[in-house]
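Biologist: I would like to learn how to read a model like this one, feature by feature. Could you take me through it?

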Amino acid sequence: MKFGYFTLSDNNYSDNPRPPNQFVADIIDEALYAETLGMHSAWIGEHHFSTLGVLSCPDLVLAYVAARTQRIRLAPAVTVLPLHHPIRVAEQWATLDLLSGGRVDFAAGRGYDRREYAPLGVSFDDNQSIFEEGMEVVRRLWSANTPISHRGKHYSFDDVAITPRPVQRPMPTYVASFSRPSIELAARLGCGLIVAPFAASMTYGGLQQVRDLYHATCAIHGTTPGRLMCSYFIHFANDAAQEQAARARQIRYYKECVIPAFPGDPATSPPSYRYFIAMVERLHNVRPEDLTENSVLLGSSAHITDVLHNVQAAGFDEVILYFNVGLKPHALVKDEMARFMEQVAPTFA
């Protein structure tokens, strides 16, 4: 099982002394450090207007990282595809694949924050349909050897071929999933799948159940299952005081960043987001003791290793680790990254 660095650049906290530009600089430094430590990948999220995170252009940041690294895989976590024209997305990530020597893992989703859609004039209520069509267009553009035409509900064009083409043919592609429609789309298109364990436990029962559903859906569509990945928040704790501080940090992230971003209002949530209502209710009522291995890696190196053995047994190929969550200081983030690679990762080598 492989391990990667992951961030959503959460910075929307009351009385936050950290400027957004400083956090972006910290993230770049951490992504470069991930290669130094031997991590497999760096996954950087996309958020707009500082509603949750402050890093709006993961493609540009990862291009900077690509120029200063040799080995680490580079990925968005994730491209919020309905916010962009799929032709442009195909061009941007194919270009990064060329610049990096074929190191891109592309991942896309439809996001969850209505506040990011409105200023860009995109329908939040119809984003499932926009997302599915956009994914098909992007993948056709990457795989085609001649110009293609498309006539769809949301996009229409004639005789388009992108340049440059991606180095990797096919480009490794993942769908980020909180819901059954996204799992079905990944299976139908033959894409890999990325899930969050806390969402998997609330929606399906756990990671094993997600794997089983994904594999069964691939069988229905006659596609070969791709790689399975999951993301985890992570906090090391050596004693009760450190554990209490880590749990408080994680809950603050849920309360101040996640709840305002998730579509939790039954009156305004589109039908394809109704499962978020129960998630938001649970997050409103979350207690420190509720932060279990279904959502957070928290504790000693030995405990974290044990939890990850369960993830491996569920059939997952890679775990991407959210070290810098909840205003965790940059120096502490790097210390925990190093500790993980020294004390946990070798068990899975």
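Modeller: Gladly! Let us begin with residue classes: Ala, Val, Leu, Ile, Met, Phe, Trp, Tyr, Cys and Pro count as nonpolar, Asp, Glu, Lys and Arg as charged, and the others, Gly among them, as polar. Please keep in mind that this is a predicted model.

Biologist: How many nonpolar, polar and charged residues does the lining of the largest pocket have?

Modeller: The lining of the largest pocket has six nonpolar, four polar and two charged residues. The volume of this pocket is about 240 Å³. Among its lining residues are F198, M202, Y254, R282 and D290. Helix 7 (197–203) and helix 10 are the elements that give two or more residues to this lining, and the largest share, three residues, comes from helix 7.

Biologist: And how does one look for enclosed space?

Modeller: The general idea is friendly enough: rolling a probe the size of a water molecule over the atoms shows where empty space is left. In this model there is one cavity of 30 Å³ or more. The volume of the largest cavity is about 580 Å³. Of the 36 residues that line the largest cavity, L8, A77, Y112, A176 and F178 are the closest to its centre.

Biologist: Which element gives the most to the lining of the largest cavity?

Modeller: Strand 10 does, with three residues. Other elements supply at least two residues each, including strand 8, helix 9 and strand 12 (318–322). By class, the lining of the largest cavity divides into 25 nonpolar, eight polar and three charged residues.

Biologist: What about aromatic rings?

Modeller: A pair of aromatic rings is described by the distance of the centres and the angle of the planes. A search of the whole structure finds 24 aromatic pairs. F178 and F262 form one of them, edge-to-face, at 6.2 Å centre to centre with 80° between the planes. F178 lies in the loop between strand 8 (173–177) and helix 6 (180–189), and F262 in the loop between helix 9 (240–261) and helix 10 (275–284), so this pair ties together parts that are 84 residues apart in sequence.

Biologist: Is F262 buried or exposed?

Modeller: F262 has a relative accessible area of 8%, so it is buried, as buried means under 20%.

Biologist: Where do charges sit over rings?

Modeller: Here are two cases. The charged end of R18 sits over the ring of F23, 3.5 Å from its centre. The charged end of R110 sits over the ring of Y273, 4.2 Å from its centre.

Biologist: Now the backbone, please. What should I look for?

Modeller: Most residues other than glycine have a negative phi, and most peptide bonds are trans. The peptide bond from A77 to V78 is cis, with omega near 0°, and V78 lies in the loop between strand 3 (73–76) and strand 4 (79–80). Another cis peptide bond runs from R169 to P170, with omega near 10°; P170 is found in the loop between strand 7 and strand 8.

Biologist: Which residues show a positive phi?

Modeller: Phi of D159 is near 50°, and D159 lies in strand 7. With 59% relative accessibility, D159 counts as exposed. L327 has a positive phi of about 65° and is placed in the loop between strand 12 and helix 12 (330–343). At 19% relative accessibility, L327 counts as buried.

Biologist: How many bridges join strand 6 to strand 7?

Modeller: Three bridges join these strands, which run antiparallel. Strand 6 and strand 7 form a hairpin with four residues between them, and I148 has V160 as its bridge partner in strand 7.

Notes:
Residues are numbered from 1 along each chain as its sequence is written. This is a predicted model: local features need pLDDT of at least 70, side-chain atom pairs count only at pLDDT 80 or more; totals for chains, interfaces and linings use all residues. Side-chain values use heavy atoms; hydrogens and water are left out. Rings of Phe, Tyr and Trp (its six-membered ring) pair if their centres lie within 6.5 Å; planes under 30 degrees apart count as stacked, over 60 as edge-to-face and the rest as tilted. Buried means under 20% relative accessible area, exposed over 50%, partly exposed in between (1.4 Å probe, protein chains only). A charge sits over a ring if NZ of Lys or CZ of Arg is within 6 Å of the ring centre and within 35 degrees of the ring normal. On a 1 Å grid over the protein atoms alone, a cavity is a set of points where a 1.4 Å probe fits but cannot get out, and a pocket is an open set with protein on both sides within 12 Å along at least five of seven lines; lining residues have an atom within 4 Å of a point. Grid points are joined across faces, edges and corners, and a volume is the space filled by probe spheres set on the points. Two strands pair if DSSP finds at least two bridges between them.
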